[in-house]
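Q: I have a chain on the screen and would like to talk through its fold. Could we begin with the strands and then turn to the helices?

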Amino acid sequence: MIHKPGKPPTRVTSYRPISLSPVMSKIFERLFLKRLHKDANIDQKIPTHHFGFRENHSTIQQCHSIVHGILQSLEEKKLCTAAFLDFQQALDRVWHDGLLYKLKQFLPTPHYLLLQSYHSDRYSQIKFHAETSPYFPINSGVPQGSVLGPLLYLLFSADVPTRQDTILATFADDTAIMVSNEDPHVAAQTLQTRLNMLEA
């Protein structure tokens with residue numbers, strides 16, 4: 001655990017954890033990831049609006065797409081309303097049962113059963129200076145510091161609803177939602193409706 005500068009030392013959220021996975025686990029995940037891409041056509045399951053954890057996609061490219069959307073609205077003399085969201089500890093809050101349900105819909109059975117086994121009976125331990133906690137079960141989240149973790153998060157969040165009247169841009173756990181309209185009230189109401197959909 002590393003203390004975040006300027007944060008109160010008495011709060012758990014003031015510390016940044018460094019998650020360490022076994023080397024053999026990382027080797028297995030890297031090999032299994034290649035098999036997933038080959039057998040399950042994983043890339044087509046990830047929505048095009050998501051730029052995080054993907055090959056040939058970067059933060060700068062996503063920023064360009066957002067700026068392009070804003071400039072296009074201005075050229076068309078429309079008002080662009082936007083909401084920028086940061087889902088706190090998103091990778092740590094992935095619901096295991098929900099993730100496995102989604103994976104079961106498209107993964108070959110052997111791949112699904114392997115991931116189901118891989119996510120069951122996982123335990124963690126916290127070390128801070130000379131103190132070490134007991135082992136405790138991990139009931140949510142994707143493995144931190146792992147090869148498969150980012151991909152599993154993308155697949156878990158891939159079914160975020162989209163609409164033709166909104167622009168959705170995501171990068172990891174950061175999300176931008178934009179709505180353009182000549183009428184500012186319509187733009188604001190459409191954006192609020194979209195936020196309500198995400199909350200539900």
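Q: Which residue in S9 is the bridge partner of Ala83?
A: The partner of Ala83 is Ile177 in S9. Please keep in mind that this is a predicted model.

Q: How many bridges do S3 and S9 share, and in what sense do the strands pair?
A: Strand S3 (residues 79–86) and strand S9 (residues 174–181) are joined by eight bridges, and the pairing is antiparallel.

Q: And S8 with S9, how many bridges there?
A: Five bridges link strand S8 (residues 167–171) to S9, in the antiparallel sense. Within this pair, Thr170 lies opposite Thr175 of S9.

Q: What about the hairpin of S8 and S9: which residue takes a positive phi?
A: That residue is Ala172, whose phi is near 55 degrees. The hairpin has two residues between its strands.

Q: In what order do the three strands stand in the sheet?
A: The order is S3-S9-S8, in an open sheet with antiparallel pairing. S3 and S8 each have a single partner strand and stand at the edges, so one side of each lacks a neighbour in the sheet. From one strand to the next, the twist averages 15 degrees.

Q: Which strands does H2 touch where it packs on the sheet?
A: Helix H2 (residues 59–75) touches S3, S8 and S9. The direction of H2 makes about 160 degrees with that of S8.

Q: And H6, which strands does that helix touch?
A: Helix H6 (residues 184–199) packs on the sheet with contacts to S3, S8 and S9. The direction of H6 makes about 25 degrees with that of S3.

Q: Staying with H6, is Thr190 buried or exposed?
A: Thr190, which is found in helix H6, has a relative accessibility of 13% and therefore counts as buried, the cut-off being under 20%.

Q: What does Thr190 touch, not counting residues up to four places away in sequence?
A: On that basis, Thr190 touches Arg163, Asp165, Thr166 and Val179.

Q: Let us change topic to H3. Which of its residues are buried?
A: The buried residues of H3 are His96, Gly98, Leu99, Leu100 and Leu103. These buried residues pack against helix H4 (109–119) and H5.

Q: At what angle do the axes of H3 and H4 cross?
A: The axes of H3 and H4 cross at roughly 170 degrees and come within 10 Å. That angle makes H3 roughly antiparallel to H4.

Q: Which residues of H3 and H5 meet?
A: Gly98, Leu99, Lys102 and Leu103 of H3 meet Leu152, Leu155 and Phe156 of H5. The classes in this contact are five nonpolar, one polar and one charged residues.

Q: Is Leu103 buried or exposed?
A: Leu103 has a relative accessibility of 2%, so this residue counts as buried.

Q: What is Leu103 in contact with, leaving aside neighbours within four places in sequence?
A: Leu103 is then in contact with Tyr112, Leu115, Leu152 and Leu155.

Q: What separates the C-alpha atoms of Leu103 and Leu113?
A: A separation of 9.9 Å is found between the C-alpha atoms of Leu103 and Leu113, which are ten residues apart along the chain.

Q: Finally, the whole chain: how many helices and strands are there?
A: The protein chain has six helices and nine strands. Its C-alpha atoms fill a box of roughly 60 × 50 × 30 Å along the principal axes.

Q: What share of the residues counts as buried?
A: Of the 200 residues of the protein chain, 32% are buried. The chain exposes about 13,300 Å², with carbon and sulfur atoms supplying 57% of that area.

Q: And among contacts between residues at least 6 apart in sequence, what share joins residues at least 24 apart?
A: That share is 65% in the protein chain.

Methods
Residues numbered from 1 in each chain as written. Predicted model: local features only at pLDDT ≥ 70, side-chain atom pairs only at ≥ 80, totals over all residues. Heavy atoms only, no water. Contact = heavy atoms within 4.5 Å. Helix = DSSP H or I, 4+ residues; strand = E, 2+ residues; numbered from the N terminus. Nonpolar A, V, L, I, M, F, W, Y, C, P; charged D, E, K, R; others polar. Buried < 20%, exposed > 50% of the residue type's maximum accessible area, 1.4 Å probe, protein only. Areas by Shrake-Rupley, 256 points an atom, 1.4 Å probe, with all protein chains shown as cover. Pairing = 2+ DSSP bridges. Axes fitted to C-alpha atoms, helices over the stretch in contact; angles between N-to-C directions. Parallel < 35°, antiparallel > 145°, perpendicular 65-115°, else oblique.
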